[in-house]
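Student: I'd like to learn how to read a model with two copies of a chain. Could you walk me through it?

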Protein chains: 2
Amino acid sequence: MDTKLGYSSKYKTHLTSDITKEREGEEALISGWITTFRKKGKIAFIKIRDAAGIAQIVVKKDQVSEEIWESMSDFTMETVIRIKGTIVADDRSQTGAELKPELIDIIAKSDTLPIDLTSKKTETLIDTIFEYRQLSIRRPESIAIFKIKHHIGQAVRQFYTSNGFYEIWTPYILGASTEGGAEMFKVDYFNTPAVLAQSNQFYKQATIPVFEKVFGIIPSWRAEKSRTPKHITEFHQIETEIAFGTDETIMEVQEKLVHHVVSHVLEHCKAELKLLGRENLKIPTLPLKRIPFPEAKAMGTELSEAAIDGHKEPEGDLSTPAETELSKHYDDPFFIIRFPTELRGMYYGSDPDDENITLSLDLVAPEGIGELSSGGVRVDDPDELVERTLKKGMDPELFKWYIDMFKFGGAPHAGFGLGFERLVRWITGVSHIREAVMFPRTPDLLEP
Amino acid sequence: MDTKLGYSSKYKTHLTSDITKEREGEEALISGWITTFRKKGKIAFIKIRDAAGIAQIVVKKDQVSEEIWESMSDFTMETVIRIKGTIVADDRSQTGAELKPELIDIIAKSDTLPIDLTSKKTETLIDTIFEYRQLSIRRPESIAIFKIKHHIGQAVRQFYTSNGFYEIWTPYILGASTEGGAEMFKVDYFNTPAVLAQSNQFYKQATIPVFEKVFGIIPSWRAEKSRTPKHITEFHQIETEIAFGTDETIMEVQEKLVHHVVSHVLEHCKAELKLLGRENLKIPTLPLKRIPFPEAKAMGTELSEAAIDGHKEPEGDLSTPAETELSKHYDDPFFIIRFPTELRGMYYGSDPDDENITLSLDLVAPEGIGELSSGGVRVDDPDELVERTLKKGMDPELFKWYIDMFKFGGAPHAGFGLGFERLVRWITGVSHIREAVMFPRTPDLLEP
């Protein structure tokens, strides 16, 4: 563990988090970006940001040269400076110490920013935030979101590898004949029509005779013109597939995963959660609730029709308003289980006692966030797959390699895909999923 | 740590690796795929594969029912079976124990395979291997490659997170105006022309004011009709960018990364390396050699012209044959440093004392594998970027958001991109990079 690895000692021997009482007397060199600067008579206050956080430096006119004091008129926001000094104990500081500066110089002066990085009004700034995304990712709220996202990613991978899962890498460009559909982005593959993967379902199923338990945080694309707070066109799914797994075992995996991730974030990201007003995040109580689909549908109907004037819940799957209201009703994630066969993809396995019901499930986040994951038992019999494909009005020839694969050792298996950015949205509490992405892609956002 | 998490106890209470002397007397249930089956009079030998490896089960006719004995005529390769039995100590076994079977049943009988999974003749099988990739990934050689790849991925992430780097997620679909070029795959983005990212260079540079030290194992695409052993069209780069980093510090990061990854693989993948004939893999001696470009070019010219009849090394960059011969000359990875400015992208920073030389470098794998990574110091001055862009004959307006970003706190920085699959190819010793990918994409491979 060397947090300094990669930094040049010309610029940095310490991080802002190293300015502590324990290091009193050390010579320290820090570099970073100015977030606030204020002069008051013969004292100047500088806040400087680096990867570890923010440090306040107090500069007294008589401690530094005239030249340094004058250069501070160029201390605009986001200007990069370097400060050399001595660490001194100071009980007024949060860390119990301060850096007493001896040399300060400007590495790169910043022009006036086209957006206000300090404004907390995310909602009113929203268009500007994405127009200047290369700059707005430096807002304190964004930094907090992306630090939490980093920790969520690490916690997810840690969970899987420590429980004996193997990471897989599935293809992103697929032959257009494989799945087709209006919701896939088209790619010109050396003059052959191709698409970007909307799902890697078929591929992850193919890998279980190699590894049995597989996972990945894998890109997916959906060419859908949905302008909702939970849709982006380019996203990642936490993919999982388990040979000899069942609907019960994949629920256990998911609830332990969510438990681990939330615990990890609460342990490592206290300051970030506080900055985002997300101190109320709590570790879910296990086991999570399992609500059979008909019951969820009835509850969702009742709640949404009571909450939304004029809403009439349609037949079939839970509508978005019904899912949202049901989600608001709970403060822990919960499962909706046993979806009707007609509502699920052709690869979902049925209850052996009732072919109209699949052994499938969605994990739903609380607080109005809605669906996080979909999964279930898979069909592992090639003849049944042909039948199910025909029933869905599709041509089994299009999926020939996939269906035929089950002729060669089709083990029973189950799996799920959990939206990575949706998980980040829930944990960070951001109102729109695009805030959980550095450079999001939506029907309206393709640049930067 | 629960290696059983996700398995149904109907199918599995133990992995093949749990059949050990220490567990003598335990009742065990294992499930998996048959890799070999042989009957010899009143004794049958079954080899069964699961995620943990392969176990041999010896069945004596008088130990099991007549029905079970007869069912074994269906024990074709890749048939999925379940075996229940007792663990008994046996010094003849490698693990010091065997599973004494009491119940065996078939879960899914396999048809005759269209390819021979046991053949070691990768070269002659190569077309079939990729035609039936969903099956050939179960070859012992493939399983070894992908287990090593899993460990390489984990070691890479472990290295970065333990050294204070943050993981980033950059966009994959880019506006076509951003970079253009014949080597990018075109995407139809809601009727707007777009491309798949060939590089996330601009985006990773944008993230350093947020995190300073960033990394990711990030997909990239190159629409190049190169039919060489080191090219695929869809691949991953281990991306790194470091604020306040230099050419020296990114070399230190890379050599420590390679050292950590190789050490990790040697520790965790002994059996897999042996199966691949890669016992000769050794931990590189640090620091790695740094060879200035003119010296590397002269050596590469001499070596390739001596080794290859009729080869005449052209002017300019190292040709592939010269790079290959130079790479064969060493048994540890090495750096080529200080490339001429005219050979590098517009974002590479020059030596302050010589504008014709960039502070750039390639990491080259030994044993004829060639280039693993490219990187260097970046230009952080917007005016210099405009000038460099014009000199390369490109229009700076196309990169406006990128260039302008450096007006707002352009810290000095450096970084690199290291080909993930190339690293896997080198470590596993496979002859063609596509063998390092479960479902590779090349000009000739788009399915499955």
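**Where the two chains meet**

Tutor: Let's start with one residue pair: Val187(A) has Val187(B) as its bridge partner in E8(B). Keep in mind that this is a predicted model.

Student: Which strands does that bridge belong to, and how many bridges join them?

Tutor: Strand E8 (residues 186-189) of chain A and strand E8 (residues 186-189) of chain B run antiparallel and are joined by three bridges.

Student: Now the symmetry. How are two copies of a chain related?

Tutor: In general, by a rotation about an axis and a shift along it. In this model, chain B is superposed on chain A by a rotation of 180 degrees with 0.0 Å of shift along the axis, at an RMSD of 0.0 Å. That's the relation of a two-fold axis.

Student: Which residue of chain B comes closest to the rotation axis?

Tutor: Val187(B), whose C-alpha is at 2.3 Å.

Student: How many residues are in contact between the chains?

Tutor: 87 residues of chain B contact 87 residues of chain A. On chain B's side, helix H4 (residues 140-162) gives the most, with eight residues. That side divides into 45 nonpolar, 24 polar and 18 charged residues. The same surface serves both copies, as 100% of chain B's contact residues recur in chain A.

Student: And the nonpolar core: which residues have the most contacts inside the largest one?

Tutor: Phe335(A) and Phe335(B), in a core of 223 residues. Another core, of 26 residues, lies apart from it and includes Met184(A), Ala197(A), Leu446(A) and Leu174(B).

Student: What does Phe335(B) touch?

Tutor: Leaving out residues up to four places away in sequence, Phe335(B) touches Met251(B), Leu288(B), Lys289(B), Arg290(B), Ile291(B), Leu361(B), Asp362(B) and Leu363(B).

How values were computed:
Residues numbered from 1 in each chain as written. Chains lettered and ligands numbered in written order. Predicted model: local features only at pLDDT ≥ 70, side-chain atom pairs only at ≥ 80, totals over all residues. Core = buried A, V, L, I, M, F, W, Y, C linked by C-beta atoms within 7 Å. Buried ≥ 20, exposed ≤ 12 C-beta atoms within 10 Å, placed from the backbone. Contact = placed C-beta atoms within 7 Å. Least-squares fit on C-alpha atoms with pLDDT ≥ 70 in both. Helix = DSSP H or I, 4+ residues; strand = E, 2+ residues; numbered from the N terminus. Nonpolar A, V, L, I, M, F, W, Y, C, P; charged D, E, K, R; others polar. Pairing = 2+ DSSP bridges.
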